[in-house]
Amino acid sequence: MLLFTYFSAYLCLYPYPQAELGLNEHHQNEVINYMRFARFKRGLCLKTVDSCFQDLKDSRLVEETFTVDEVVDMLDGLQTVVHSEVESELINTTYTNVLLLRQLFSQAEKWYLKLQTDVSELENRELLEQVAEFEKSDFTSSNKKPSADLIKPKLAPLNEGGSELLNKTVARLQEENEKLKTRLKTIETQATAALDEKSKLEKSLKDLQVIQGDQKTNTNQDITELENKVAALKCHFEKTLNDATANQEFLEENLVTTKHDLLKVQDQLSTAQKELEKKFQQTAAYRNMKEILTKKNEQIKDLRKKLSKYEPEE
């Protein structure tokens, strides 16, 4: 299957001990699960091709001798049937691989990641042989039992990348900013309550001055002490409010800087992706395919010219 080569691209980043793919246990079990599915689909395709040949034997090979035209007719019919079956299976395989890649990319996008693939590694014979050896070692073991992870319908989250860490930092700073806003509201409420209390105390002092005229000196002293306490409390609240405002401004500046870093990382990832696409177009596989297509087009033109000579003129 085509996606075998996609999994083989991982091997260029990891060592190859004892037919292992260099992945963690969960991801390796996911690879095994897909390879079993691909092995099953491959077996069905081969059975279909075998049945095409068997049908030809049963329906056409009933005589002892055949003319050249009869043999050519049988082979052409067999070619058409086999071509249709193989083409259908290859198309279905391509769509299946696209759905599997879609699962991976959708999961990565949830973590604000952009995955990249090296298409040139899909024809690396060494990596393909390693995947084949891994498949052989896995499916020839009679005592090997499927892991419980293989029956899970969903993939596990991917590893965290640079973009995710930046997004986490932004989220954390936003959460701290909300906490500071809540604390600021609480302090403002306390300051308002203190001012109300001051007003009540001043009113009470005025009432005491009217009632206790003979104790004016003591009352004035009490008023001064109370005013000093209120002033000290007010200064304390103002200082706390100023500290909270300064901390909020620092967090907002840090949040803007972090967002700029996130945009810079995203731009670097986009530039790297464009460079990778440019490198792929410069690979030998791409140039060979382009050269083959050019030759095929020339051959088709030549054949059309030759056929035009034999067509009857109107």
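A: Five salt bridges occur in this predicted model, each a side-chain nitrogen of Lys or Arg within 4 Å of a carboxyl oxygen of Asp or Glu. Local features need pLDDT of at least 70, side-chain atom pairs count only at pLDDT 80 or more, and totals for chains, interfaces and linings use all residues. Residues are numbered from 1 along each chain as its sequence is written, and side-chain values use heavy atoms, with hydrogens and water left out.

Start with R42 and E135. Their side chains pair at 3.2 Å, N to O. Helices here are DSSP runs of H or I, at least four residues, numbered from the N terminus. E135 is buried, at 11% relative accessibility. R42 is partly exposed, at 29%. Buried means under 20% relative accessible area, exposed over 50%, and partly exposed in between, with a 1.4 Å probe and protein chains only.

Next, helix α7 (residues 284–310). It holds both K295 and E291, four residues apart, about one turn of the helix. Their closest N and O atoms are 3.5 Å apart. K295 is partly exposed at 49%, and E291 is partly exposed at 42%. Elsewhere, shared partners join R39, R42 and E135 into one salt-bridge network.

Helix α5 (residues 162–211) carries K179 and E175, again four residues apart, about one turn. Their salt bridge spans 3.9 Å, N to O. K179 is exposed, at 54%. E175 is partly exposed, at 47%.

Notes: Helix = DSSP H or I, 4+ residues; strand = E, 2+ residues; numbered from the N terminus.
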